[in-house]
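Colleague: I'm new to this one. Can you walk me through the aromatic side chains?

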Amino acid sequence: PAERFFEAFAPDRDAALERARDSADASVVEALDSGLVYVFPDGSSHSRNSSIAFATDRAGVEALSALPLRDEPRVVRVEKADGAVLEPTDAGGEWVLPTLEIGAVVELVWDQRLDAAAPGAVPPQHTWRFASFERAFPTSRWAVFVPDGLASGRVKALQFEGDYRAIPWEGGTVHLYESSLPRQVPEPAMPAYPRVLPIVAFGDDEGREDDWRGYRAFVAVESHLPADIARETDAFVAEVRARQGEPDDAGFARALYEAVDARARQFEGDSSAASVWQTQRGWPLVLYGALLAREGVPFEWAVLETGVSPELLRSPGTIFEGDYALNGVVLRLDPPDGVERGDPVWVLPGQAPGTPFGELPNRAAGARVFVLEGADGVREEVLPRRYLDERWDADITLEYEVGPDGAARVRGRFQNAGPEGVMALGQVRQATAQQRDAFALSQAAPLA
């Protein structure tokens with residue numbers, strides 16, 4: 001049935017080439033960019049992809065001179081302007097195209113097969129981009145056949161403004177998308193491409209119930225303190241309280257954080273509360289949570305999705321829920337009484353020794369967090385952004401000296417008082433002289 005589908009919805013190769021030659025506006029023009037996906041009732045799939053491209057200048061020739069090998073190649077050829085057809089060479093992982101000339105047409109057709117997921121799981125995802133920042137796409141088309149009664153799977157379009165048709169066909173529906181777009185112009189600090197470029201995908205949201213159960217089990221196991229260690233930690237906490245007098249929960253949480261932070265000599269290795277207490281090495285977040293729990297201070301465990309602000313996320317963004325791998329546990333404390341802005345206090349793992357209580361890396365502002373509520377509840381929050389308006393933690397001073405012969409010398413000083421700077425300082429203190437020199441050069445290179 002897949003071959004019948006591929007034949008019925010095959011692209012018009014000649015029409016695509018004619019349209020592309022009338023609208024060439026980039027070094028490489030993707031005259032035809034076609035994808036056909038046949039999804040079987042069990043969620044497995046068979047795809048056929050077609051690509052026809054040509055170069056309009058020498059830069060385009062260079063870009064097309066070598067192409068990656070595909071899963072199941074069916075057609076790989078170069079058609080010269082005089083009609084001669086040349087075969088590329090398989091050079092260990094890529095096709096090397098022979099004597100490519102401006103205007104020569106490079107044609108690729110290849111298949112891909114994806115097995116069905118486990119019963120009840122989301123089917124393998126297919127994604128199609130209808131534009132790029134490198135090439136024009138005068139004819140981009142994607143068709144996916146979805147059988148009736150498929151247990152899981154749906155088609156989702158983002159920023160798509162071309163032609164769309166839903167076509168009943170042989171016990172299912174063909175979703176056909178077609179568009180014609182020039183090369184897109186990138187902008188500074190733009191979001192990841194799924195929030196900018198037109199995209200259509202087949203897949204489904206992935207449930208994270210197993211993830212939540214796993215994280216709950218992780219903090220329960222890692223927080224456990226054997227009786228002999230618990231007696232030591234109780235004495236440690238009593239000393240913290242004695243030094244602080246009678247602080248409220250918020251004041252005690254801060255004091256305990258600073259005491260735990262000071263006790264850990266090196267932030268690397270294990271995260272087990274018992275291990276971190278005994279060795280004074282490792283990531284002390286879970287130990288901190290275990291001590292709060294023993295003292296009855298209310299807090300919640302949460303799970304970071306990426307730990308990066310959506311505006312800074314350079315990897316592909318979420319198309320379906322559950323696309324991202326999760327990024328570990330964090331700790332959430334309710335806002336202290338009287339705090340005007342009302343933001344909760346977040347304590348993240350991976351910070352350097354000496355990181356102030358509740359400080360967050362700038363890059364994490366607005367990152368999504370899933371708070372674990374009770375035995376099985378989850379609610380979504382984001383890390384606060386408002387503190388960015390109050391922070392000016394980077395200072396750069398550059399001095400230029402220009403000699404009589406025109407040669408110049410630049411001396412600079414870069415200071416970062418924020419969490420990133422504290423983390424870098426902790427790393428530098430533990431580094432060798434050679435490592436410190438390499439670190440300084442890496443920090444200075446962008447300013448050169």
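Modeller: One term to begin with: buried means under 20% relative accessible area, exposed over 50%, and partly exposed in between (1.4 Å probe, protein chains only). This is a predicted model, where local features need pLDDT of at least 70, side-chain atom pairs count only at pLDDT 80 or more, and totals for chains, interfaces and linings use all residues. Residues are numbered from 1 along each chain as its sequence is written, and side-chain values use heavy atoms, with hydrogens and water left out.

Colleague: How many aromatic pairs does a search of the whole structure find?

Modeller: It finds 17. Rings of Phe, Tyr and Trp (its six-membered ring) pair if their centres lie within 6.5 Å; planes under 30 degrees apart are stacked, over 60 edge-to-face, the rest tilted. Tyr38 and Phe145 are stacked, at 4.6 Å centre to centre with 15° between the planes.

Colleague: Are Tyr38 and Phe145 buried or exposed?

Modeller: Both Tyr38 and Phe145 are buried. They also belong to a cluster linked by ring pairs, with Phe5, Phe6, Phe9, Phe40 and Trp169.

Colleague: Why is the pair of Trp212 and Phe370 called tilted?

Modeller: Because the planes of Trp212 and Phe370 are at 45°, with ring centres 5.2 Å apart. Trp212 counts as buried at 10% relative accessibility, and Phe370 does at 7%.

Colleague: Changing topic, which residue lies over the face of Trp277?

Modeller: Arg263, at 3.6 Å from the ring centre. The cut-offs are NZ of Lys or CZ of Arg within 6 Å of the ring centre and within 35 degrees of the ring normal. Likewise, Arg241 lies over the face of Phe252, at 3.8 Å.
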